[in-house]
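Biologist: I would like to go through this structure one step at a time. Please show it first, and then take my questions.

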Amino acid sequence: MTMDIVQSSSAHGSSPCATCPANRHLARLGLKVDSWDYVVALAGNPNTGKSTVFNALTGLRQHTGNWPGKTVARAEGGFQFGEKRYKLVDLPGTYSLLAASVDEEIARDFILFGAPDVTVIVVDATRLERNLNLVLQVLEITDRAVVALNLMDEATRHGLQIDDRRLARDLGVPVVPTVARRNEGIRELINTVADVASGEIKPRPHRIKSTRDSSLDRAVNQLVDQIEDAFPGLPNARWVALRLLDGDEQITRAIQDGSLGDLSRGEQVQTVAERLVLTEVGA
Ligand SMILES: Nc1nc2c(ncn2[C@@H]2O[C@H](COP(=O)(O)OP(=O)(O)OP(=O)(O)O)[C@@H](O)[C@H]2O)c(=O)[nH]1
Ligand SMILES: [Mg+2]
């Protein structure tokens, strides 16, 4: 059985400018993600259309399995756009990065420690205020984010008008309105993701400013040094330090038993690749 669906022509055409936005073709690679240039995470509150976006980009109808050691669904697939290959990871819905549930823990760990090249936050345009909570949390930890303002048809139906340009300005990251179920805005979304991945667009998210030389800053900096010594190469040591000061039990345990180190990108990506090979062999 093969689940690979390649629906459009290859990007390696004879176009004089294969990388120009207008000439970049999308090839849905299904499960064929044995190698990739960029990893893209799809995050968002539950039921905002993440999997619909995932399917539109990969051509997969649904691919779920178990995250290593967990019992919740995840999906991974690939697409090629222009000359680059992307691995797309569809994360469980989450309201915050504080990991109140196993689903949230998986999403959080991937966004924080999987070091995706781009994180797409799919938000429900009809519930913007609630959805922005997660957006702001994600923007605290990564610059490379794109907001997909999904369910725009529903928003319109409810008489809501959203100034997406103003939102993009206020957040400091690109915002792309979409109706994923009808494939609307998906091309703009891919273009934007590609430009953020390549560095052509450099988002500058607005962050909560800390006061210089506050006792909080001193405590955080001291902890960051210790965390980086204990777990060299761990991304987002500052976030870990803040969680420790907040008394987060999971993070405290992960430091005590050393499992925080396992969350670094290398191991996670390798595990994902191994599992994909197993899935394809077993399929
Ligand atoms: N009207 C409308 N419906 C949409 C749109 N995008 C997705 N949907 C529908 O919304 C529902 C949820 O979509 P999913 O893609 O499963 O959402 P999800 O974020 O993956 O959900 P979880 O994985 O449970 O967090 C489905 O019935 C989709 O068909 C859209 O832009 N407009
Ligand atoms: Mg889903």
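**A loop residue and the helices beside it**

Modeller: Leu234 has 18 C-beta neighbours inside 10 Å, so Leu234 counts as partly exposed. Keep in mind that this is a predicted model.

Biologist: Why does Leu234 count as partly exposed?

Modeller: A buried residue needs 20 or more other C-beta atoms within 10 Å, and an exposed one has 12 or fewer. Leu234 falls in between because its count inside 10 Å is 18.

Biologist: Where in the chain does Leu234 lie?

Modeller: Leu234 is 122 residues from Leu112 in sequence, with 9.4 Å between the two C-alpha atoms. As for its own place, Leu234 belongs to the loop between α7 and α8.

Biologist: At roughly what angle do the axes of α7 and α8 cross?

Modeller: Two packed helices are described by the distance between their axes and the angle between them. Here α7 covers residues 215-230 and α8 covers residues 237-245. Their axes come within 9 Å and cross at roughly 120°.

Biologist: Is the crossing of α7 and α8 left-handed or right-handed?

Modeller: The contact involves residues of both helices, including Leu223 and Ile227 of α7 and Val240 and Leu244 of α8. The way α7 passes α8 is right-handed.

Biologist: How many nonpolar residues does the contact of α7 with α8 have?

Modeller: Among the residues in contact are Ala219 and Val220 of α7, and Ala241 and Leu245 of α8. By class, the contact has two charged residues and no polar ones, and the nonpolar residues number 11.

Biologist: Which residues of α8 are buried?

Modeller: The cover over the buried residues of α8 includes α2 (102-113), α3 (128-141), α7 and α9 (249-256). Just after α8, Gly247 has a positive phi of about 80°. The buried residues of α8 itself are Ala237, Trp239, Val240, Ala241 and Arg243.

Biologist: Which element gives the largest share of the shell around ligand 1?

Modeller: Of the 16 residues around ligand 1, Gly49, Lys50, Ser51, Thr52 and Gly93 come nearest. Two elements give two or more residues to this shell, α1 (50-58) and α4 (152-157). The largest share, three residues, comes from α1.

Biologist: How many of the residues around ligand 1 are polar?

Modeller: The shell has four nonpolar and four charged residues. Its polar residues number eight.

Biologist: What percentage of the residues of the protein chain count as buried?

Modeller: The protein chain has 10 helices and eight strands. Of its 283 residues, the share that counts as buried is 41%.

Terms used:
Residues are numbered from 1 along each chain as its sequence is written. Chains are lettered from A and ligands numbered from 1 in the order in which they are written. This is a predicted model: local features need pLDDT of at least 70, side-chain atom pairs count only at pLDDT 80 or more; totals for chains, interfaces and linings use all residues. A residue is near a molecule or strand if its C-beta atom, placed from the backbone, lies within 6 Å of it. Helices (H or I, at least four residues) and strands (E, at least two) are DSSP runs, numbered from the N terminus. Ala, Val, Leu, Ile, Met, Phe, Trp, Tyr, Cys and Pro count as nonpolar, Asp, Glu, Lys and Arg as charged, and the others, Gly among them, as polar. Axes are lines fitted to C-alpha atoms, for helices over the stretch in contact, and angles run from 0 to 180 degrees between N-to-C directions. A crossing is left-handed if the near helix is turned anticlockwise from the far one by less than a right angle, and right-handed if clockwise. Two residues are in contact if their C-beta atoms, placed from the backbone, lie within 7 Å.
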